[in-house]
Amino acid sequence: MSNTPNPNVSIVKKAYRKVKNIMSENKTGVVVKSSKWIKDMSVPYDKETQIDLDIDIVSDIERKISWPNLSRAIECAIDNLLEKKKYRFKKMLVIKNPYQYAPLCALALFYTKKSCGVRVTVKGKTPECDISYTIPEDTNHRVPIMGLYAGSINTVEMELLNADKKTVKRKIFQIDVPALKGKNAKIKVKKELSKTDFLYNLTLVYGGGDDGIYPYAFDKNGDLRFCFSIAPKTYGFQPISNGKFLFLNKKVVRLTCTNPTVTQLYEVDQMGRFHRLYNVEKGAHHDFQELESGNLAVGSNAVYGATFEDAVLIIDRNTGDVLYDINMKDYFDPKYIDAADWAHLNTVQCNEEEKTVLVCLRNLHTVAKINYEKKELVWVLCNPVFWENTIVQDKVLTPQGEDMKWFFQAHASYMLEEDLDGNPLTKHLIIDDNHRDRRRPVDYYDGADSSYVNIYTINEEEKTVSLLKSFPCKQSTIRSNAILELKAKRLMVMSGKTKYKGGKYKGQIIEFDYDTGEVLNRFSVNHGYYRAYEFKFAPEDMAQSLDMNKHYVLGKVYELDVCESVDVSSAKALPEAVLEATDKNEAARSARLKQAVIDNPDYYIDPEQDMARIKFEITEDVLYITLIDHLLEKIYFVGENHTYCRDFTDTKQERVYFARVNNMDPIPLKDMEEGTYEIYFKHRIGMYKSGRKITIRKKQEI
């Protein structure tokens with residue numbers, strides 16, 4: 001028999017091998033590692049990825065790694081794994097929740113000799129809920145796996161693609177994802193009505209009181225497919241471009257007369273990576289906008305004059321510097337500046353070309369446009385009766401038409417880009433109108449028990465306004481937003497807090513036919529929320545390595561005051577923290593005392609026991625002190641040659657609802673003079689030793 005190779009057999013074998021590679025399932029292997037595994041791998045990189053510190057800090061206070069520092073350390077560990085080229089498509093590495101805070105995501109790492117694209121498909125419970133996307137060609141592959149189910153064994157298909165986008169290899173494997181914990185394990189999304197295919201493949205839901213519920217996105221079946229596993233401040237998870245969000249750390253705050261204002265705004269992404277931290281000295285709240293320039297418009301606080309939620313800041317994205325500080329008290333009549341929360345600004349829409357900002361002022365039943373460069377009020381949308389005989393009355397738009405409908409305590413208003421009437425002289429405004437007047441009762445309130453989404457037509461030249469469309473819906477008492485999807489002829493109404501039988505509040509997501517007003521789809525969630533939006537994964541952005549720039553902390557921290565030396569010779573030592581017999585643990589004590597104060601604001605609580613529970617930690621060059629709202633008058637840092645003070649006496653808590661909330665106060669250490677400082681608490685009943693000290697040493701320049 002001849003040993004000469006048969007060319008036809010060779011062709012068949014090659015074809016067979018190709019088909020085998022494409023069709024093989026679970027035969028090439030996957031090494032699956034946990035989020036803890038990669039976090040442990042990142043520890044050696046902690047210091048080299050930290051911001052450059054100008055001081056050395058010696059203290060017995062616990063040190064903690066910051067979120068951005070941790071993200072960068074993990075990124076270094078991942079880069080190191082890729083550089084070794086140990087993992088191939090045949091036996092790839094898959095890390096579950098690699099950056100710690102996106103538990104429904106994973107990351108695949110492997111090397112290919114030839115540059116290949118990668119297509120990923122995470123199988124849905126039904127075919128229409130498959131999540132599929134393609135990652136561009138490379139040889140060192142970091143492939144995000146997004147849209148996994150919690151508490152499930154997920155099936156993932158991954159394909160290598162050649163230059164012609166043809167599949168050359170395929171792998172099917174499984175990832176077991178743990179269930180979410182606590183309140184998040186109890187989230188339920190119910191499809192209450194469905195007449196057509198729901199417009200959004202995924203819907204993002206977030207906020208709704210500091211109730212510990214994570215931001216999440218659900219699919220058309222109501223199943224969670226994305227989750228960010230830190231609960232932000234109620235209103236702090238605004239989606240921006242490139243798969244990122246602006247995230248408010250609800251723990252770090254500045255005290256006000258009512259709701260403590262958050263001072264740390266982070267830029268995070270869908271994989272759970274922390275890119276930057278913006279320190280916002282005057283605080284941030286409610287609404288955020290990424291501008292064309294990349295800068296940020298942020299709802300903020302005037303602070304001085306004991307008011308809050310009544311300002312807008314425009315922040316330089318690259319430095320954290322405040323470019324414009326727009327104070328509502330500079331534009332509106334003093335007649336209504338009559339309470340700490342007199343305005344309650346809850347939406348911000350900035351136009352950089354016009355140098356204008358549109359604001360929704362809930363407690364004034366008003367939407368207003370302001371030119372922040374000229375510092376003038378452009379127009380006001382409100383019932384003219386409200387602003388009669390004030391300095392604002394000439395700016396109020398004149399209503400046109402008999403069907404004009406006014407809004408009350410609205411919670412979201414934005415100018416639309418779409419032309420809805422073919423008139424080049426008009427613009428259109430959409431408002432989610434909660435339609436209540438409890439914060440500021442007015443005589444003309446109609447008492448309707450519905451909420452509405454209203455679309456108004458505004459002629460800025462003629463200073464007129466008319467109602468174009470109104471969509472009534474079940475009353476949502478607070479929060480909420482609405483989105484016009486004109487190409488699809490849909491109106492999406494995100495009702496954040498609707499009342500159901502038994503006094504329970506839930507959120508709804510409602511899809512209206514824009515032309516007819518018919519309700520086409522309605523989902524409910526078993527909790528109240530702040531806002532909801534369409535959600536789209538950004539896998540190409542998530543496949544990019546994190547920017548390793550160490551200048552990730554921007555903006556200004558609320559600073560210490562330099563003060564004269566203070567007499568601490570009679571300072572008392574704090575007792576040990578003890579629990580009463582009725583309290584099983586600290587959480588039970590905290591809940592009991594909070595309710596006691598709500599029931600009786602004069603309820604006596606031993607202040608020494610509260611002070612004994614004050615906590616300390618140091619992250620980079622900032623000391624964080626966790627204590628009960630307005631517990632102390634002052635905190636002193638007493639050294640041999642210098643004394644510094646944190647003064648809390650400029651505000652007083654006016655609302656029982658926020659009493660006994662634990663707040664984390666950031667204290668920058670980098671500007672303190674060298675020396676050792678002992679920390680003291682000044683309470684109205686006396687001075688106390690904290691038992692803690694910090695030594696500051698300046699680093700020598702080389």
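This is a predicted model: local features need pLDDT of at least 70, side-chain atom pairs count only at pLDDT 80 or more; totals for chains, interfaces and linings use all residues.
Student: In which sense do strand E43 and E44 pair, and over how many bridges?
Tutor: Strand E43 covers residues 675–683. One of its residues, Phe681, has Tyr688 as its bridge partner in E44. The pairing of E43 with E44 is antiparallel, over 8 bridges.

Student: Which residue in E44 does Ala573 stand opposite?
Tutor: Strand E37 (residues 572–573) pairs with E44 in the parallel sense, over 2 bridges. The residue in E44 opposite Ala573 is Lys689.

Student: What is the bridge partner of Val58 in E44?
Tutor: Strand E2 (residues 55–59) runs antiparallel to strand E44 (residues 686–698), and 5 bridges join them. The partner of Val58 in E44 is Thr695.

Student: Is Thr112 buried or exposed?
Tutor: Thr112 lies in strand E4, residues 105–122. The cut-off for buried is under 20% relative accessible area. Thr112 has 7% relative accessibility, so Thr112 counts as buried.

Student: With which side chain does the side chain of Thr112 make a polar contact?
Tutor: Not counting residues up to four places away in sequence, Thr112 touches Asp138, Thr139, His141 and Leu160. The polar contact, at 2.8 Å, is with the side chain of His141.

Student: What separation do the C-alpha atoms of Ala217 and Leu623 have?
Tutor: Ala217 sits in strand E10 (residues 216–219) and counts as buried because its relative accessibility is 0%. Leaving aside neighbours within four places in sequence, its contacts include Thr203, Phe226 and Phe535. Ala217 and Leu623 are 406 residues apart along the chain, and their C-alpha atoms are separated by 35 Å.

Definitions and conventions
Residues are numbered from 1 along each chain as its sequence is written. Side-chain values use heavy atoms; hydrogens and water are left out. Helices (H or I, at least four residues) and strands (E, at least two) are DSSP runs, numbered from the N terminus. Buried means under 20% relative accessible area, exposed over 50%, partly exposed in between (1.4 Å probe, protein chains only). A polar contact is a pair of N or O atoms within 3.5 Å; within protein, one must be able to donate a hydrogen and the other to accept it, and residues adjacent in sequence count only if both atoms are side-chain atoms. Contact means heavy atoms within 4.5 Å. Two strands pair if DSSP finds at least two bridges between them.
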